[in-house]
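Please consult the sequence and the structure shown here while reading.

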Amino acid sequence: MKKFTFLMLLAAFFTLCVTSCSKDDDDSFAYPMEELYGKWKAVEIEVNGKWYDVTKYPYTRFGMDITFYESGIFYGSGYFGNGSGTYEVSGKTITTYVSGKEYAVYIVNSLNSNEADLTLRMGSETLQMKAQKQ
C-alpha cells in the first residue's frame, strides 16, 4: 500500500510539473494575429538616419513584400529574394525560417491593420522599415 501511495504522489508531482511548465502567455504575439495575416509591402527603409521611399524610382530595387498566412507559412519576394518558409511569433518578434533555419527576424515596433513599423534583422545586418498592408 505504501508503494501505491508513493507512486500516486509521484504521478501527481509529475503532472503538476508538466502543467506548470506549459507554454506561458508571454510567448504569444503582442498584437492581434488578424492584423498580421496578409500581404505586407515595404514602403520606406532607413539608411544612415535618412528614410527612402522604396515605391519610387530609383529606390524601387530595394522593394520587398512578405505575406503571412494563418497556417504559419510565409512567402516573401523582392530585394532579399523570393521564397517561402515558416514563421513563429513571440511578444513583438516574428521569426522566419527557410528549410528549418532562421532566415530573418522582424521586431514589431508598431502594428495596426494597415501599417507596420519594423526592425528587420538578417544575420548581423539590421534595417528599419515601414510597411503597408496590401
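What volume does the largest pocket have? The largest pocket has a volume of about 360 Å³, a volume being the space filled by probe spheres set on grid points joined across faces, edges and corners. A pocket is, on a 1 Å grid over the protein atoms alone, an open set of points where a 1.4 Å probe fits, with protein on both sides within 12 Å along at least five of seven lines; lining residues have an atom within 4 Å of a point. Among the 30 lining residues, D65, I66, F74, G76 and Y106 are the closest to the centre of the largest pocket. Strand 7 provides the largest share of this lining, five residues. By class, the lining comprises 21 nonpolar, seven polar and two charged residues; Ala, Val, Leu, Ile, Met, Phe, Trp, Tyr, Cys and Pro count as nonpolar, Asp, Glu, Lys and Arg as charged, and the others, Gly among them, as polar.

The model is predicted: local features need pLDDT of at least 70 and side-chain atom pairs pLDDT 80 or more, whereas totals for chains, interfaces and linings use all residues. Residues are numbered from 1 along each chain as its sequence is written, and side-chain values use heavy atoms, without hydrogens and water.

The second largest pocket, with a volume of about 260 Å³, is lined by 13 residues, and I45, V47, F62, Y79 and L127 lie nearest its centre. Strand 9 gives the most to that lining, three residues.

Overall, the chain has two helices and nine strands, taken as DSSP runs (helices H or I, at least four residues; strands E, at least two) numbered from the N terminus.
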